[in-house]
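Let's take a guided walk through this model together.

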Amino acid sequence: MLKIGITGGIGSGKSMVCQVFQSLGIPVFNADEAARFLMEHDDVLVNNIRSLLGNEVYVNGRLDRERVAEMVFADPALLGQLNQLVHPATVKYANEWMEKQHAPYLIKEAAIFFESGNYTEMQAMVGVYAPRELRLTRAMNRGNITEEKVLSIMNNQMDENEKMAKCDYIITNDDKTAVLPQVLQLHQALLHRSGIN
């Protein structure tokens, strides 16, 4: 079974593209959702995060994401340390999930594939591209977060053009180009690549 990675910066529309693939019957693993789940339900990871950031980042067993974001996006070294805790747990969880799937190909969605080095485990990488200003607007509208916070996240992610240059396929999601035909065309190409039709 082919393993396909989908990536793109905040606000690019990765999740929307993945929903289209899911509607075509393709299993999709969302690394960010998995990480959020594990940061509250994986006891070893929870204890490691408490040791790194302090007990007060958990309130009644729930991670105070606002507090964590303020801490790590102001301190790149601390963000790196947190990622070193969360990524291995997420990768292990993803690998266990992948072993249970039965499809011509599957998709793993993650924002920081290239930064983490996990792209090497994929047979192909798909980039979802949107211009920076549009991504900024989308992220602010979707998350109800400030421009400053979105820019902070963007500045901690790999440059979008550099990221797209590393991808095997690109889906443009700029509110001008229709996304569905691009996904359907890529779906056919991936089915062909997996040995079907």
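Helices (H or I, at least four residues) and strands (E, at least two) are DSSP runs, numbered from the N terminus. Before going further, please note that this is a predicted model, in which local features need pLDDT of at least 70 and side-chain atom pairs count only at pLDDT 80 or more, while totals for chains, interfaces and linings use all residues. Residues are numbered from 1 along each chain as its sequence is written, and side-chain values use heavy atoms, with hydrogens and water left out.

The arc is that of the directions from the helix axis to the C-beta atoms. Just after the helix, G25 takes a positive phi of about 90°.

V68, A69 and V72 are its buried residues. Down the axis of α4 they fall within an arc of 100°, so they line one face of the helix. Their cover includes α3 (43-53), β4 (62-63) and α5.

Next, the pockets. A 1 Å grid is laid over the protein atoms alone, and a pocket is an open set of points with protein on both sides within 12 Å along at least five of seven lines; lining residues have an atom within 4 Å of a point. Grid points are joined across faces, edges and corners, and a volume is the space filled by probe spheres set on the points.

The largest pocket has a volume of about 1500 Å³. It is lined by 46 residues, of which D32, R36, F73, I153 and Q157 are the closest to its centre. Elements giving two or more residues to this lining include α1, α2 (31-41), α4 and α8 (147-155). The largest share, 9 residues, comes from α5. By class, the lining has 21 nonpolar, 15 polar and 10 charged residues. Ala, Val, Leu, Ile, Met, Phe, Trp, Tyr, Cys and Pro count as nonpolar, Asp, Glu, Lys and Arg as charged, and the others, Gly among them, as polar.

The second largest pocket holds about 180 Å³ of space. Here α1 gives the most to the lining, with 4 residues, and α1, β2 and α2 each supply at least two.

Finally, look at two single residues. L151 lies in helix α8 and counts as partly exposed because its relative accessibility is 26%. Leaving out residues up to four places away in sequence, L151 touches R132 and L136, where contact means heavy atoms within 4.5 Å. I170 sits in strand β7 (residues 169-172) and, at 43% relative accessibility, is also partly exposed. With the neighbours up to four places away in sequence again not counted, I170 touches G127, Y129, M164 and Q182.

Key. 1 Å grid on protein atoms, 1.4 Å probe; cavity = no way out; pocket = protein on both sides within 12 Å on 5 of 7 lines; lining within 4 Å. Buried < 20%, exposed > 50% of the residue type's maximum accessible area, 1.4 Å probe, protein only.
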